[in-house]
Every structure is written in structure tokens, then in C-alpha cells.
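Hi there,

Here is the structure I promised to pass on to you. Have a look at it first, and then read on for what turned up in it.

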Amino acid sequence: MKRFEYRLLDTVSGFFSGIDYQELTNHLNALGREGWEVVSVVDTIFTSHQTRGLLITLKREY
């Protein structure tokens with residue numbers, strides 16, 4: 001049976017402050033090299049038809 005671990009990235013707090021797409025891309029590529037795969041992206045703060053935050057769910061097999 002496959003087993004997975006999960007990780008959440010919140011672009012509003014922690015490593016990110018707001019959405020810098022190049023920084024986010026670089027970070028996701030680094031996580032991809034460690035075996036992480038994005039499985040879900042949800043906008044967390046949506047105002048005036050603009051996304052201000054993302055909650056990204058990643059998983060990898062262990």
C-alpha cells in the first residue's frame with residue numbers, strides 16, 4: 001500500500017509575504033526535486049477580483 005505525507009504552503013504567511021510568482025516558482029521547483037507534487041491550489045483571500053493569497057497542498061510518497 002502506498003503511503004503519502006502532505007505539506008501546506010500559505011503564500012500569505014511564513015516563507016512568502018504576498019505572491020511573488022518567480023519566488024513561488026523557484027520554491028515549488030526545489031520542492032519538486034525533493035519529490036513533492038502539487039495536488040491542490042486554493043485562493044484564500046479574494047478581494048476586488050484579485051487573489052491575494054494561495055494555499056498550496058503538496059504530497060509525496062514515503
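Helices and strands here are DSSP runs, numbered from the N terminus: a helix is H or I with at least four residues, and a strand is E with at least two. By that count the protein chain has one helix and three strands, and their order along the sequence is β-α-β-β.

Two notes on where the values come from. This is a predicted model, in which local features need pLDDT of at least 70 and side-chain atom pairs count only at pLDDT 80 or more, while totals for chains, interfaces and linings use all residues. Residues are numbered from 1 along each chain as its sequence is written, and side-chain values use heavy atoms, with hydrogens and water left out.

**The chain as a whole**

The accessible surface of the protein chain is about 4600 Å², and carbon and sulfur atoms account for 50% of that (Shrake-Rupley method with a 1.4 Å probe; for residues, only the protein chains shown count as cover). Of the 62 residues, 19% count as buried; buried means under 20% relative accessible area, exposed means over 50%, and partly exposed is in between (1.4 Å probe, protein chains only). A contact means heavy atoms within 4.5 Å. Among contacts between residues at least 6 apart in sequence, 53% join residues at least 24 apart.

**Charges**

How many salt bridges does a search of the whole structure find? The search finds one, a salt bridge being a side-chain nitrogen of Lys or Arg within 4 Å of a carboxyl oxygen of Asp or Glu. It pairs Arg60 with Glu5, whose closest N and O atoms are 2.8 Å apart. The two partners are 55 residues apart and link distant parts of the chain, with Arg60 in strand β3 (residues 50–61) and Glu5 in strand β1. Arg60 counts as partly exposed because its relative accessibility is 24%, and Glu5 is also partly exposed, at 28%.

Charges also meet rings. A charge sits over a ring if NZ of Lys or CZ of Arg is within 6 Å of the ring centre and within 35 degrees of the ring normal. Lys59 lies over the face of Phe4, 4.2 Å from the ring centre, and the charged end of Arg7 sits over the ring of Trp36, 5.8 Å from its centre.

**A nonpolar patch**

Leu8, Val42 and Leu55 make up a nonpolar patch on the surface, with about 240 Å² of accessible area together. Patches take residues with over 30% relative accessible area and no salt bridge, joining nonpolar side chains (Val, Leu, Ile, Met, Phe, Trp, Tyr) within 5 Å and like charges within 9 Å. Leu8 belongs to strand β1 (residues 4–10) and counts as exposed because its relative accessible area is 56%.

Is Gly53 buried or exposed? Gly53, in strand β3, is buried, with 0% relative accessibility. Beyond its neighbours within four places in sequence, Gly53 touches Thr11, Val12, Ile19, Val42, Asp43, Thr44 and Ile45.

Residues up to four places away aside, Thr57 is in contact with Tyr6, Arg7, Leu8, Glu37, Val38, Val39 and Ser40. Thr57 and Tyr6 are 51 residues apart in sequence, yet 7.0 Å apart from C-alpha to C-alpha.

Ile45 sits in strand β2 (residues 37–47) and is partly exposed, at 35% relative accessible area. Its C-alpha atom is 9.7 Å from that of Leu55, 10 residues away along the chain.

Enjoy exploring it!
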